[in-house]
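Welcome, and thanks for taking a look.

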Amino acid sequence: MLTDKQIELVQSSFGLVVPKAQPVSIMFYDRLFELRPDFRAMFPEDMEQQRGKLITTLATVVQGLHQIEDIIEAVRALGRRHVGYKVADDDYAPVGDALLWTLEQGLGAAWTPEVKEAWTTAYTILSDQMIAAAQELRAA
Ligand code: HEM
């Protein structure tokens with residue numbers, strides 16, 4: 001559960017990295033494939049579109065945090081599509097680590113303990129929903 005204050009921290013800090021979304025998204029996938037080289041083969045060779053989709057989706061989710069119920073179905077559908085991409089439940093943790101690390105690099109001094117906690121909670125909520133929807137699909 002995110003407090004209003006945490007939602008504002010996630011939104012304002014995301015706003016700071018949006019102007020450098022392109023290099024930051026390159027950094028994210030570089031970090032992810034450094035942490036998990038085995039993930040590289042799951043993605044297309046040309047990552048440009050993928051980077052764009054990730055940023056657009058993150059922006060939608062971040063903007064929607066105050067009205068989470070309006071976006072939760074879209075998040076769950078995203079989780080179900082990831083079953084088709086052969087993404088396992090345990091794969092969400094390294095992706096979260098890469099995301100937090102990238103935000104830390106992108107934000108520098110603006111990456112405060114409060115911002116870190118807010119993003120950690122936001123990613124947990126997002127990934128829990130995606131994982132739960134994936135589990136329901138696999139069980140169906
Ligand atoms: C909060 C977590 C995540 C978000 C917001 C996210 C976002 C996205 C988006 C927007 C797409 C584009 C396709 C679509 O909309 O269905 C996508 C595709 C994909 N994602 Fe994720 N993702 C997340 C977690 C993960 C994890 C944990 C993995 C594990 C390695 C992963 C691997 C992939 C792969 C392999 C594709 C398909 C690439 C392709 O073949 O084009 N994602 N993701």
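## Around the ligand

A residue is near a molecule if its C-beta atom, placed from the backbone, lies within 6 Å of it. Please keep in mind that this is a predicted model. The ligand is surrounded by 19 residues, and the closest are Met42, Thr57, Arg81, Tyr85 and Val95.

Which elements give two or more residues to this shell? They are helix H3 (48-64), H4, H5 and helix H6 (113-139). H3 supplies the largest share, four residues. Sorted by class, the shell around the ligand holds twelve nonpolar, four polar and three charged residues.

## Helices H3 and H4

Next, let us see how some of the helices pack. The axes of H3 and H4 are 8 Å apart, and the two helices pack at an angle of about 150°. Angles over 145 degrees count as roughly antiparallel, and H3 and H4 are therefore roughly antiparallel to each other.

On the H3 side, the contact is made by Thr60, Val61 and Gly64, while H4 brings Ile68, Asp70, Ile71 and Val75. Taken by class, the contact of H3 with H4 has four nonpolar residues, two polar and one charged.

## Helices H5 and H6

How do H5 and H6 cross? Their axes come within 11 Å and cross at roughly 150°, which makes H5 roughly antiparallel to H6. The crossing of H5 and H6 is right-handed.

From H5, the residues making the contact are Tyr92, Gly96, Leu99, Leu100, Leu103 and Leu107. Their partners on H6 are Val115, Lys116, Trp119, Thr120, Tyr123, Ser127 and Ile131. Nine nonpolar, three polar and one charged residues make up the contact of H5 with H6.

## Helices H1 and H6

H6 also packs with helix H1 (residues 4-17), at an angle of about 100° and with the axes 9 Å apart. Angles of 65 to 115 degrees count as roughly perpendicular, so H1 is roughly perpendicular to H6.

Gln6, Leu9, Val10 and Ser13 of H1 make this contact with Glu114, Val115, Ala118, Trp119, Thr121 and Ala122 of H6. By class, the contact of H1 with H6 has six nonpolar, three polar and one charged residues.

Is Lys86 buried or exposed? Lys86 has 9 C-beta neighbours inside 10 Å, so Lys86 is exposed. You will find Lys86 in the loop between helix H4 (68-84) and helix H5 (92-107). Most residues other than glycine have a negative phi. Lys86 has a positive phi of about 65° although it is not a glycine.

Ala41 sits in the loop between helix H2 (21-35) and H3. With 9 C-beta neighbours inside 10 Å, Ala41 counts as exposed. Ala41 and Glu8 are 33 residues apart along the chain, and their C-alpha atoms are separated by 36 Å.

Glu48 lies in helix H3 and is exposed, with 11 other C-beta atoms within 10 Å. Glu48 and Gln22 are 26 residues apart in sequence, and from C-alpha to C-alpha they are 9.3 Å apart in space.

Conventions: Residues numbered from 1 in each chain as written. Predicted model: local features only at pLDDT ≥ 70, side-chain atom pairs only at ≥ 80, totals over all residues. Buried ≥ 20, exposed ≤ 12 C-beta atoms within 10 Å, placed from the backbone. Nonpolar A, V, L, I, M, F, W, Y, C, P; charged D, E, K, R; others polar. Axes fitted to C-alpha atoms, helices over the stretch in contact; angles between N-to-C directions. Parallel < 35°, antiparallel > 145°, perpendicular 65-115°, else oblique. Left-handed = near helix turned anticlockwise from the far one by under 90°. Contact = placed C-beta atoms within 7 Å.
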